[in-house]
Amino acid sequence: MKTGNVATIAPTPDNPTTSRSRRSHRPGRSGRDAWFLLLPALLPILVFNVYPLLRGIYLGFTDARAGLNQDIHFTGLENYSDLLSNDLFWSSFRIGLIWAFGVTFLQFVAALGLALLLNENLRLRWLARTLSLVPWAMPPVVVAIVWRLVYDPNSGPISGLSQTLGFGQLNLLGDFSTALPAVIVVGVWVGMPQTTITLLAGLQGVDGTLHEAAAVDGAGSWRRFLHITLPELRTVIVAITSLNFIWNMNSFDLIYVLTNGGPGGRTMLPTLFAYNEGFRYGHFGVAAAMGNVLVVIICGILLFYLRSRLKGADK
Amino acid sequence: MSLQRPSTAVRTGQYVALLGYVVFLGFPLIWLLSTALKSTKEIALGSIRLIPDAPTLDNFSAAVAKANLWQAGFNSLVVAVATTVLTVVIALPAAYGLARYRTILRPITLGWVLVSQMFPTILVIIPLFMILKTLHLLDQLPGLVVVYVVYVLPFCLWMLFGFVQTVPPDIEEAAAIDGAGRIRTLVSIVLPLLRPGIVATALFAFISSWNEFMFALVLIQTPDKVTLPLTLSRFVGAEGQVQLGPLAAAALLATIPSLVFFALIQRRLSGGLLSGAVKG
């Protein structure tokens, strides 16, 4: 579930925490109460979240299959060597990385541009702001449907425009060369709201006096952007781009409904590949192995994220 | 932050860019509305006009007439409401416990909230499929509710935890000194203060489960148990003869609940972000 979609919205409980809770930890309130209060939440999380996750990681090293009463044998790295010699696996990872990097990068650039505009005193910015929030609330399946209508070769506006101009019908989602760029555009569209709002919040936190001082020293707006705005936004940028990358790497619904991996596997993201392995062919072990590979890649990204955060804090 | 007034050229450029964004973000939505209101004939002709020649509600009645849509909408509603109620009931005491007691559970639980974001659903969904099968909850709406509760729970805990922390413990102490018992303090002092947080959390849980697709795809098979996103995706999946008009109408109808609820929490979302993201 894409709970991650809204992961940055909660009021962040940080600094006041420690002092306050130390005070509240006084005699008469034992830790046992806390366990009692938390148990109804922790128990289901353990049974239906932690355990399946650990089990899923383990299944990646087995020959598990769909079906009743199948014996599961530990097979070590066999799934991985099978995957490595599978061309479809490599192509799905190549596509997955192009998709995730492409969407994350374009999301960031487009969202930064919009955030900068929304931070200015422009008329009609309420409209852009409202519009930018709508894709956030829409079910991913509906977003996919909306864009299938827009890309439709027979009645869609893009193909229609192309026909009016004499270029003939355009089947953006059905054409080998345009399918991936076309779905990337949809990915950018759906992910922009969150990124924009996050960056806008960051922009509004930039100290205005810095800009004034730099302006007095004769720095133009472009130089102020490069030397003040960007460095000040650094933490926010690292956070939102890393999260976006993780969510994009794990995305499934959108592409499943838009193209289902087609045409000819040109949009077959790793998650779709794994889904097909698991639930179309019944190769649970292989699908889980694929999930493990994704986790390793995502952890790599997380390391990058933490390291750049730490470096930022050093300064 | 306007230091000097930007030149007219800069302002013009900014408005052009803003217009570009408005078109990019808004056009697909308007096209959806436009398609939903067009007649089958007009869609077939491939008219690229935004405003339909003869607006009609036929597509909506055609969409609703698809027997599955009502059933699926009802299923979605039941699942989303059940998920929301259960989540709030479970998360509220837990968040209170997390915020008010400093035990080892706090770093573990909050850490898990972050870690759980990183894992692809595909890894969890296979064992979950097997577990639900053993529990005879596979292809059952209650099974789907259990899964949804567990998957919105970490984030709802995180949200509510933040809200509980904004309620100073001093208030509770003062009430205790005035002679209010624990339960009374919680119900008549803490709970009212948490109401905005509870509403936001509940709406989040509702939107998440209303919109969810992948779990439903894997865990539900029987046609009369499908949820709205599933039905919509099958609408599309019937290759060849996709009726775009009814499809657009159905998609529009399916979006309304989450859009309305999102509008309700929108202000809170951006407000929360402000307090969160800026501190970084």
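Biologist: How are H5(A) and H1(B) placed relative to each other, oblique or parallel?

Modeller: Please keep in mind that this is a predicted model. The general idea is to compare the directions of the two helix axes and the distance between them. Here the axes of helix H5 (residues 125-137) of chain A and helix H1 (residues 8-37) of chain B come within 9 Å and cross at roughly 40°, and H5(A) and H1(B) are therefore oblique to each other. The crossing in which H5(A) passes H1(B) is left-handed.

Biologist: Which residues of H5(A) and H1(B) meet?

Modeller: On the side of H5(A) they are Arg125(A), Leu127(A), Ala128(A), Leu131(A), Ser132(A) and Val134(A), and these meet Leu18(B), Val22(B), Leu25(B), Gly26(B) and Leu29(B) of H1(B). Sorted by class, the residues of this contact between H5(A) and H1(B) comprise 8 nonpolar, 2 polar and 1 charged.

Biologist: At what angle do H4(A) and H1(B) pack?

Modeller: Helix H4 (residues 87-118) of chain A packs with H1(B) at an angle of about 125°, and their axes are 10 Å apart. That angle makes H4(A) oblique to H1(B), and H4(A) passes H1(B) in a left-handed crossing. From H4(A), the residues Val109(A), Ala110(A), Gly113(A), Leu114(A) and Leu117(A) meet Gln14(B), Ala17(B), Leu18(B), Tyr21(B) and Leu25(B) in H1(B). The contact of H4(A) with H1(B) divides into 8 nonpolar, 2 polar and no charged residues.

Biologist: Within chain B, how far apart are the axes of H5(B) and H7(B)?

Modeller: The axes of helix H5 (residues 105-118) and helix H7 (residues 141-165) of chain B are 9 Å apart, and the two helices pack at an angle of about 130°. H5(B) contributes Arg106(B), Thr109(B), Leu110(B), Val113(B) and Ser116(B) to the contact, while H7(B) contributes Pro154(B), Phe155(B), Leu157(B), Trp158(B), Phe161(B) and Gln165(B). By class, the contact of H5(B) with H7(B) has 7 nonpolar, 3 polar and 1 charged residues.

Biologist: Which peptide bond is cis, and where is the place of Pro263(A)?

Modeller: For the backbone, one reads the torsion angles. The bond from Gly262(A) to Pro263(A) is cis, with omega near -10°, and Pro263(A) is found in the loop between helix H11 (253-258) and helix H12 (270-280) of chain A. Asn260(A) also lies in the loop between H11 and H12 of chain A, and phi of Asn260(A) is near 50°, a positive value in a residue other than glycine.

Conventions. Residues numbered from 1 in each chain as written. Chains lettered and ligands numbered in written order. Predicted model: local features only at pLDDT ≥ 70, side-chain atom pairs only at ≥ 80, totals over all residues. Heavy atoms only, no water. Axes fitted to C-alpha atoms, helices over the stretch in contact; angles between N-to-C directions. Helix = DSSP H or I, 4+ residues; strand = E, 2+ residues; numbered from the N terminus. Parallel < 35°, antiparallel > 145°, perpendicular 65-115°, else oblique. Left-handed = near helix turned anticlockwise from the far one by under 90°. Contact = heavy atoms within 4.5 Å. Nonpolar A, V, L, I, M, F, W, Y, C, P; charged D, E, K, R; others polar.
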